[in-house]
Amino acid sequence: MSLDPRDRPAGEASEGSGQNRPGSKESASRRKRRRPRRRASNHKSEVQGTTPSQTGASTTTEQAVADAAVKGPSPRPAQPGARKPNAERQGAGPGNRPPLPPVRTVYSAIDLGTNNCRLLIARPTRGGFRVIDAFSRIVRLGEGVSNGNMLSDAAMDRTIEALKVCAEKIARRNVTCMRHVATEACRVADNSAEFIARVKRETGLNLDVISAGEEARLAVMGCQSLIAPGNRHALVFDIGGGSTELIWVRVLPGGRTEISGWMSIPWGVVNLSEHYGISGTTVPRDEYNKMVNIVVDHLQAFEDAHSVSAVVKKRQTQFLGTSGTVTTLASLHLNLPRYIREKVDGAWMKSKDIHALSRSVAEMTHEERSAQPCIGPERADLVVAGCAILEAILGMWNVPSLRVADRGIREGILRGMMQLENMPVRQGPRRRGRNPGGRPNKVKTHG
């Protein structure tokens, strides 16, 4: 994933101050020398600040920037005798080249999970996209769903308030292309249709409840640029609130990826915590081991289907974890005073360090976990279940290290939309009516 450090467009060249007036004593030869200079200046101001960017095949890191970094120069009043832009001279009739499209599309992506509500708003760049706004809030939408298959009123109220913040940001940023998805909690809850209708009614947002397979595909698309060169396979996993997705990826020549298989385990940090009743408590070691083992039972089916262990022995397989649990443990491992995304995203951790840290966090009291600045009271309960799931994955397959990804479904949504959008690219000024090869353009009209 690459972030395009695109320079801000340069300002327009200033027009010459002197103009030929009737009765002027300038020689004819001087007037001839001035005219081309004036035309070149006008032509330069015509093409600046309007070139759309390419949408690359890779995704980018999340980096908020100010609006001023992406705005072009402000328009200048026309000078007397200046040439009109091509679109104005030609008109809009058939046979004339149409004007360039408006300013680049603004995209938004919402990932509404069992535990979190996350938003990204971005504009495309040559290498991917540039984030201009973001939002994340723990809403615990799936709280209690494992007991009665119903979204609670309190959970829906919390989520609606978070989505109202998202809707306000989307409107303020003038988003024109959007996709907003909901995952496991809405997949399993019996009253999810009523909740989706309420979201539309109270926020104006359309939520798409996606399948576990689509969730896996988006997660891989969002973080595949973190698969290091030289690996032939990757196991990407996303520890969610109500489920954990495992995706077995084959790396093709050129860095392209292909999903060979995936599996959704019906355990995430929220429902696993509720199942063992560990909220607000210190977790006994035997209870923690039971949490690990219940996840291992599901992993065996994935191993039987894809023979991951045999491939891992060849040492050309990378494990890539994208979840709040993995990023939280990485920040603790790095001894960060607070969560710093730039240091966590893309970091490597040794498996032995993850095992030791997971056990250490699980043995803390609830108050000790809450006091950790990179955990906090909102994650103090859930992080223990996340550690158990992570230990089960790393214990099932003996890999030396794991790479951390603070990216996933939102980035995958944005990348997918930008690939579908065929962004035009202006290569530079051309002579009207002729293509780069010097032959006349053939214009098709559609009646």
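**Cavities, a pocket and helix contacts**

Modeller: A search of the whole structure, which is a predicted model, finds two cavities of 30 Å³ or more.

Biologist: What volume does the largest cavity have?

Modeller: The search was run over the whole structure and returned two cavities of 30 Å³ or more. The largest cavity has a volume of about 50 Å³.

Biologist: Which element gives the largest share of the lining of the largest cavity?

Modeller: The lining consists of Val283, Pro284, Arg285, Tyr288, Arg359, Ala362 and Glu363. Two elements contribute two or more residues to this lining, helix 9 (285–306) and helix 13. The largest share amounts to three residues, and it comes from helix 13.

Biologist: How many residues of that lining of the largest cavity are charged?

Modeller: Among the lining residues are Arg285, Arg359 and Glu363. By class, the lining of the largest cavity has four nonpolar residues and no polar ones, and its charged residues number three.

Biologist: Are helix 13 and helix 16 roughly parallel or roughly antiparallel to each other?

Modeller: Helix 13 covers residues 351–363 and helix 16 covers residues 382–396; their axes come within 9 Å and cross at roughly 150°. Angles over 145 degrees count as roughly antiparallel. The two helices, helix 13 and helix 16, are therefore roughly antiparallel.

Biologist: How many residues in the contact of helix 13 with helix 16 are nonpolar?

Modeller: On the side of helix 13, the contact involves Ser351, Ile354, His355, Ser358, Arg359, Val361 and Ala362, and these meet Val383, Val384, Cys387, Leu390, Glu391, Leu394 and Gly395 of helix 16. Divided by class, the contact of helix 13 with helix 16 holds two charged residues and four polar ones, while the nonpolar residues number eight. Arg359 and Ala362 of this contact also belong to the lining of the largest cavity. The number of nonpolar residues in the contact is eight.

Biologist: Is the crossing of helix 9 and helix 16 left-handed or right-handed?

Modeller: Helix 9 and helix 16 pack with their axes 8 Å apart, at an angle of about 45°. Helix 9 and helix 16 are therefore oblique to each other. Their crossing is right-handed.

Biologist: How many nonpolar residues does the contact of helix 9 with helix 16 have?

Modeller: From helix 9, Tyr288, Met291, Val292, Val295, Val296, Leu299, Gln300 and Glu303 meet Val384, Ala385, Cys387, Ala388, Ile389, Glu391, Ala392, Ile393 and Met396 in helix 16. The contact of helix 9 with helix 16 has one polar and two charged residues, and its nonpolar residues number 14.

Biologist: Which crossing do helix 4 and helix 6 make, left-handed or right-handed?

Modeller: Helix 4 (residues 153–172) and helix 6 (residues 192–203) have axes 10 Å apart and pack at an angle of about 40°. The pair, helix 4 and helix 6, is therefore oblique. The crossing of helix 4 and helix 6 is right-handed.

Biologist: Which element gives the most to the lining of the second largest pocket?

Modeller: The second largest pocket holds about 980 Å³ of space. It is lined by 44 residues, and those closest to its centre are Asn116, Arg118, Gly324, Arg379 and Asp406. Elements giving two or more residues to the lining include strand 2 (116–125), strand 3 (128–138), helix 11 (324–333) and helix 16. With four residues, the element that gives the most is helix 11.

Biologist: How many residues of the lining of the second largest pocket are polar?

Modeller: Gly324 and Asn116 are among the residues closest to the centre of the pocket, and Gly counts as polar. The lining of the second largest pocket divides into 14 nonpolar residues, 13 charged residues and a polar group of 17.

Conventions. Residues are numbered from 1 along each chain as its sequence is written. This is a predicted model: local features need pLDDT of at least 70, side-chain atom pairs count only at pLDDT 80 or more; totals for chains, interfaces and linings use all residues. Side-chain values use heavy atoms; hydrogens and water are left out. Axes are lines fitted to C-alpha atoms, for helices over the stretch in contact, and angles run from 0 to 180 degrees between N-to-C directions. Angles under 35 degrees count as roughly parallel, over 145 as roughly antiparallel, 65 to 115 as roughly perpendicular and the rest as oblique. Contact means heavy atoms within 4.5 Å. On a 1 Å grid over the protein atoms alone, a cavity is a set of points where a 1.4 Å probe fits but cannot get out, and a pocket is an open set with protein on both sides within 12 Å along at least five of seven lines; lining residues have an atom within 4 Å of a point. Grid points are joined across faces, edges and corners, and a volume is the space filled by probe spheres set on the points. A crossing is left-handed if the near helix is turned anticlockwise from the far one by less than a right angle, and right-handed if clockwise.
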